[in-house]
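Below are my notes on this model, as numbered points. Please read them alongside the coordinates.

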Amino acid sequence: MAIPVSQAWTVATYVIKQKLAGRKRYPLVLMLEPLFRCNLACAGCGKIQYPAHILKAELTPEECFKAVEECGVPMVSIPGGEPLLHPRMPEIVQGLIDRKKYVYMCTNALLLKEKLHLFKPSKYLSFSVHVDGEKEHHDFGVCREGGHDIAMEGVRAAVAAGFRVTTNTTLFDGADPNSVRRHFDQLMEAGVDSMMISPGYTYDKAPDQKHFLGRARSRKLFRALLSNRKKRWQFNANPIFLEFLMGKRELTCTPWGMPTFSIFGWQKPCYLLQDGYADTFQELLDEVDWANYGTESGNPRCANCMVHSGYEASGVNYTFGSLKGLIATAKAMFGGLYEDPDAQKLLNDWKPTNHGQLVQIGSGILSAESERVNHSESLVAGD
Ligand code: SF4
């Protein structure tokens with residue numbers, strides 16, 4: 001099952017309550033970034049470009065709980081950095097579970113196998129493992145040879161230990177939909193509960209600025225990828241959001257739907273842009289001029305964005321916004337294989353492109369200072 005029934009019920013009742021209360025802007029998932037340290041240096045990310053004193057800093061469990069309580073979300077996603085490098089991560093996760101929050105702990109899984117014993121399986125906890133595609137593609141994306149094998153080993157170990165496991169795949173220009181479809185098969189065979197996909201975004205700290213997808217290319221890729229689906233594929237995503245990626249419907253960005261909290265505070269306006277920080281969630285809602293964001297705003301930084309942190313909450317909002325939304329979602333969930341002969345032709349004719357040379361971790365994308373921090377953290381973590 002893509003998500004537990006109890007989670008679907010919790011989210012549905014939460015959203016309906018927000019609607020009945022007349023809240024125009026409400027959060028759905030907190031993106032909780034307790035640290036920026038990482039044991040990878042992916043070309044499409046770049047958070048480890050922060051100076052050493054920032055990379056050393058981390059949120060305490062109490063700060064994490066306060067942020068969650070302040071915004072009142074039913075779900076928490078913990079990206080980073082690599083959360084498993086945080087020495088108090090098991091305490092943070094348990095505290096969130098105790099508060100009945102559905103937690104997605106995002107990880108590159110390099111340390112997952114050895115740290116599994118620090119966590120307990122629960123319907124509230126999913127390990128969301130970052131796997132960007134088949135072996136060659138993933139290793140290229142994370143700039144580390146062998147990264148795919150380690151991640152899949154972590155996936156299998158977590159599944160065998162009884163944890164819920166989802167995956168998180170980010171696609172950049174040059175992604176081959178035929179390869180990604182084989183990747184979906186491999187993930188389902190490995191026993192994952194469901195998969196999440198999103199186009200990459202021009203994160204301005206990312207060392208590689210050349211391979212982000214424009215909107216038209218994203219739609220073409222996702223139409224080829226997600227049409228003519230296999231029944232066994234389970235997606236951990238709102239089906240309306242997936243239809244948006246396929247170019248089947250329009251959504252407007254709701255950046256407040258997935259607010260980001262980190263050592264800097266509440267990030268304005270969204271997970272991707274950094275136009276300052278607010279001290280409280282309410283300040284974030286009140287201070288940001290939301291009309292300046294989203295593709296329809298004309299803001300050039302939003303022009304090509306289709307990422308899940310901006311648009312998935314929009315899909316959920318559409319689902320619960322009207323009877324039409326509910327019917328469209330039910331139709332997508334219970335019969336949506338999206339047969340499309342033209343998309344099949346697109347898939348058949350797709351010409352894979354070469355990645356170029358693999359950039360290895362520590363090969364010059366890291367500043368000397370941040371590399372030292374990552375290296376010492378990796379040693380501490382036994383990597
Ligand atoms: S469109 Fe993308 S970059 Fe712009 S506010 Fe929304 S999520 Fe952020």
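1. In helix H12, the buried residues are His308, Ser309, Gly310, Tyr311, Glu312, Ala313, Ser314, Gly315, Val316, Asn317, Tyr318 and Thr319. That makes 12 of its 12 residues, and H12 is mostly covered. Buried here means that 20 or more other C-beta atoms lie within 10 Å of a residue's own; exposed means 12 or fewer, partly exposed is in between, and C-beta atoms are placed from the backbone. Helices (H or I, at least four residues) and strands (E, at least two) are DSSP runs, numbered from the N terminus.

2. This is a predicted model, in which local features need pLDDT of at least 70 and side-chain atom pairs count only at pLDDT 80 or more, while totals for chains, interfaces and linings use all residues. Residues are numbered from 1 along each chain as its sequence is written.

3. The length of H12 (residues 308–319) agrees with expectation, because 12 residues at 1.5 Å a residue should span 16 Å and the end C-alpha atoms are 15 Å apart. The expected span is 1.5 Å times one less than the number of residues.

4. Lys268 and Pro269 are joined by a cis peptide bond, with omega about -10°. Pro269 belongs to strand S8 (residues 265–269), and its bridge partner in S9 is Gln274. S8 and strand S9 (residues 274–278) run antiparallel and are joined by three bridges; pairing needs at least two bridges found by DSSP. The two strands, S8 and S9, form a hairpin with four residues between them.

5. Two residues deserve a look for their backbone angles. Most residues other than glycine have a negative phi, and most peptide bonds are trans. Ala109 has a positive phi, near 70°, and sits in the loop between strand S3 (102–107) and helix H5 (112–115). Ala109 counts as buried because it has 27 C-beta neighbours inside 10 Å.

6. Asn228, also not a glycine, has a positive phi of about 50°. Its loop runs between helix H9 (215–226) and H10. Asn228 is partly exposed, because 15 other C-beta atoms lie within 10 Å.

7. For the protein chain as a whole, there are 15 helices and nine strands. Of its 383 residues, 47% count as buried. Among contacts between residues at least 6 apart in sequence, 77% join residues at least 24 apart.

Conventions. Contact = placed C-beta atoms within 7 Å.
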